[in-house]
Amino acid sequence: EELYIAESGASNSLSAALRQTGFGGDTTQTPPQPSQNEDNEDDHLDEDHRLLLRSSFPLLKSRNAGVVLAVCSLHYYCGVASIKVRAALGKALVRIHRDRREIQYVVLTSIRTLARECPSAFTPFLHDFFVKGMDPSFTRLIKLEILTALALDPKSIEAVLKELRTYIRHEDKSFICASIRAVGKVVELARIVHDRHGQNDGTEKIQRKA
């Protein structure tokens, strides 16, 4: 009995010391709260759910592409669909998409899905999706879809059309056909965007460039 009391006393003192230094698993501690400048868009979530999302968010800066993709998938399917979160996901995905071809294909596929729902997250990185000479065929086709999804304002539309015009001279016939279809989609989007802004003359100018 004396031995049990001595061991339990040592255990209690150790756990108390850990709680004081911040390393113990004190269940009475409140989860980390966001700063005052951060929008509390996840307050409606369960406490454990909210803690999971906030704790995983810093992992977007990881050097491991698999970790970044896992965190992006978590926030895409289980997180809050806010512009701030999607912008952070987009920045992280653009950073890791410059890896090996196999990783690049997986990341670009994820970017294509996210760009269709939140293109503003990738608009600042428009030039990162321009096709390069060493890109394989499957990468070129995915980049075409991403560029088409990001052509939503007059400036990006003009930049995408100017880039697509160079692809028509490519030696790959299937890529040329895909580029021509992309030009048609972007021109149709340009008509809608410029009509919305009341700039019909600008639409005709872009159509002539295409």
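Is Phe 138 buried, partly exposed or exposed? Phe 138 is partly exposed, because its relative accessible area is 38%. Buried means under 20% relative accessible area, exposed means over 50%, and partly exposed lies in between, with a 1.4 Å probe and protein chains only. Phe 138 sits in helix 6, residues 137–150. Together with Tyr 105 and Val 106, Phe 138 makes a nonpolar surface patch of about 260 Å² accessible area. Patches take residues with over 30% relative accessible area and no salt bridge; like charges are joined within 9 Å, and nonpolar side chains (Val, Leu, Ile, Met, Phe, Trp, Tyr) within 5 Å. Accessible areas come from the Shrake-Rupley method with a 1.4 Å probe, and for residues only the protein chains shown count as cover.

Two notes on reading the model. It is predicted: local features need pLDDT of at least 70, side-chain atom pairs count only at pLDDT 80 or more, and totals for chains, interfaces and linings use all residues. Residues are numbered from 1 along each chain as its sequence is written, and side-chain values use heavy atoms, leaving out hydrogens and water.

Now the overall picture. The protein has nine helices and zero strands. Helices (H or I, at least four residues) and strands (E, at least two) are DSSP runs, numbered from the N terminus. Of the 210 residues, 36% are buried. The protein exposes about 13,400 Å², and carbon and sulfur atoms supply 54% of that area. Among contacts between residues at least 6 apart in sequence, 57% join residues at least 24 apart. Contact means heavy atoms within 4.5 Å.

Next, the interior. In soluble globular proteins, nonpolar side chains tend to be buried together. The largest nonpolar core here holds 45 residues. Such a core is a set of buried Ala, Val, Leu, Ile, Met, Phe, Trp, Tyr and Cys residues joined through side-chain atoms within 4.5 Å. Leu 93, Ile 111, Phe 122, Phe 129, Leu 164 and Tyr 167 touch the most other members. Helix 3 (65–78), helix 4 (83–96), helix 5 (101–117), helix 6, helix 7 (154–167) and helix 8 (173–196) each give two or more residues to this core. Helix 8 supplies the largest share, eight residues. Leaving aside neighbours within four places in sequence, Leu 164 contacts Leu 144, Ala 182, Val 183 and Val 186.

Leu 53 is another buried residue, at 5% relative accessible area. Leu 53 lies in helix 2, residues 47–56. Its C-alpha is 6.7 Å from that of Gly 79, 26 residues apart along the chain. Beyond neighbours within four places in sequence, Leu 53 contacts Leu 45, Leu 74, His 75, Cys 78 and Gly 79.

His 97 lies in the loop between helix 4 and helix 5. His 97 is buried, at 2% relative accessible area. The His 97 side chain reaches the backbone oxygen of Val 94 at 2.7 Å. This is a polar contact: a pair of N or O atoms within 3.5 Å where, within protein, one must be able to donate a hydrogen and the other to accept it, and residues adjacent in sequence count only if both atoms are side-chain atoms. Arg 140, in helix 6, is buried at 9%. A polar contact of 2.9 Å joins the side chains of Arg 140 and Asp 172.

How many salt bridges does a search of the whole structure find? The search finds six. A salt bridge is a side-chain nitrogen of Lys or Arg within 4 Å of a carboxyl oxygen of Asp or Glu. Lys 143 pairs with Asp 135, the closest N and O atoms being 2.9 Å apart. Lys 143 counts as buried, at 1% relative accessibility. Asp 135 is buried as well, at 9%.

Arg 116 forms a salt bridge with Glu 145, with closest N and O atoms 2.8 Å apart. That pair links distant parts of the chain, Arg 116 in helix 5 and Glu 145 in helix 6, 29 residues apart. Arg 116 is exposed at 57%, and Glu 145 is partly exposed at 33%. Arg 112, Arg 116 and Glu 145 are linked in a network of salt bridges.
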